[in-house]
Amino acid sequence: MTFPNKLFLRTLTGKTSSRPPFWLMRQAGRYLPEYRAVRTQAGSFLALCFDPALATEVTLQPLRRYDMDAAILFSDILVVPHALGQKLDYLDGEGPRLEPIRTTQDLLRLSQERFHQTLAPVYETIDRLKTAIPAHTALIGFAGSPWTIATYMVEGGATKEFVEVKRWAYRDPAGFSALIDLIVDATIDYLSAQIRTGVEAIQLFDSWAGVLPEPAFRRFVIEPTRRIVTALKTHNPEIPIIGFPRGAGLLYLDYVRGTGIDALALDTTVPLIWAARTLQTRLPIQGNLDPVLLVAGGSPMAEAVHEILHTLGPKPFIFNLGHGVVQSTPPEHVADLAELIKSWPH
Ligand code: 1CP
């Protein structure tokens, strides 16, 4: 076992340091003017994801300003359905659009055949990032979890009510499970390739875990995640995996017990003292500042940051938001946040 000298990786092995490491979900993105410039240059969002030089550049942008302890590969969770052959577009201001998959018959439209070929530019970005990021910065790879990926594949885009995806899951759990199984296999292949290419940790984004009732949560969130974690650990026992089952509420603990993840990312609603007593006694915790406090800035943000650091900082902890940076975030507020964390506990 090696003892990594990167603060972020040390924390994931259960060690504490003089201050917690930090990075922010969606730390690259439209709140940064330099991101908007590169995005315009790329033409489309997907073109940006698949251009290794430009994807490397936007990954580095937040590090230059704020020197986070980890960089997250710039890509999107929906490149996986795209690489399986599902048509994908990002419409400006409207988010992703996919040609929906809603029946067992529709699954025949998907294929693994061109999977790695389509994702090759993402692997190339990882390869470039290995040498482009500062020596003290860790490189995080990621994928969406099968349930969250399935919501986009079945609904055909973002949704508020999840009617189509839940109707399929409830009426025909065996048929829907075939879709989940397919995503599990693709995700294992994708993340294994990311690890081989050089990412040092993985985060599984299950942004819509919180919309399922308990039995469905066990079947479509915990179980597929467990299979991904087990498969990745078989070949890469040292790779730390962070799970983010956003909105899991009372099921966070069962998610930890059932999946085998190494660290847990918490959404904004999770009470800090409960997290310290119930979750952080088992594994390193990441989170959970409300992204809108980062928009607000000033003393409301400073007080919330202090409370988080005070409660979770003494044990293994990675400072992050409870969800991604929002577009209206003033970049100066992110600088203030970085300063608050770096000067803790003084
Ligand atoms: O035009 C643009 O610039 C598009 C905006 C954008 C960006 C910057 C999208 C479209 N994706 C991304 C990058 C992205 N997405 C990253 C990059 C690395 C970083 O964090 O800096 C990551 C990790 C994601 C992950 C992602 N994509 C998630 C999981 C995390 C979360 O926010 O819940 C989800 C749900 C997506 C889908 C997606 N892609 C893009 C949008 C606008 C959405 C959300 C659609 C919705 O509201 O449901």
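Good morning. I begin with Tyr152: one of its polar side-chain atoms lies 2.5 Å from an oxygen atom of the ligand. This is a predicted model, in which local features need pLDDT of at least 70 and side-chain atom pairs count only at pLDDT 80 or more, while totals for chains, interfaces and linings use all residues. Residues are numbered from 1 along each chain as its sequence is written, and side-chain values use heavy atoms, with hydrogens and water left out.

An N or O atom in the side chain of Arg39 is 2.7 Å from a ligand oxygen, and for His323 the corresponding distance is 2.7 Å. Taken alone, the ligand exposes 890 Å², of which the protein buries 88%; these accessible areas come from the Shrake-Rupley method with a 1.4 Å probe.

Which residues are closest to the ligand? They are Arg26, Tyr35, Tyr152, Ser207 and His323, among 23 residues that surround the ligand, each having a heavy atom within 4 Å of it. By class, this shell has 15 nonpolar, four polar and four charged residues. Here Asp, Glu, Lys and Arg count as charged, Ala, Val, Leu, Ile, Met, Phe, Trp, Tyr, Cys and Pro as nonpolar, and the others, Gly among them, as polar.

Val80 is found in helix H5, residues 79–83, a helix being a DSSP run (H or I) of at least four residues, numbered from the N terminus. Is Val80 buried or exposed? Val80 is buried, with a relative accessible area of 4%, where buried means under 20% (1.4 Å probe, protein chains only). The C-alpha atoms of Val80 and Asp254 are separated by 27 Å, the two residues being 174 apart along the chain. Thank you.

Key. A polar contact is a pair of N or O atoms within 3.5 Å; within protein, one must be able to donate a hydrogen and the other to accept it, and residues adjacent in sequence count only if both atoms are side-chain atoms. Helices (H or I, at least four residues) and strands (E, at least two) are DSSP runs, numbered from the N terminus. Buried means under 20% relative accessible area, exposed over 50%, partly exposed in between (1.4 Å probe, protein chains only).
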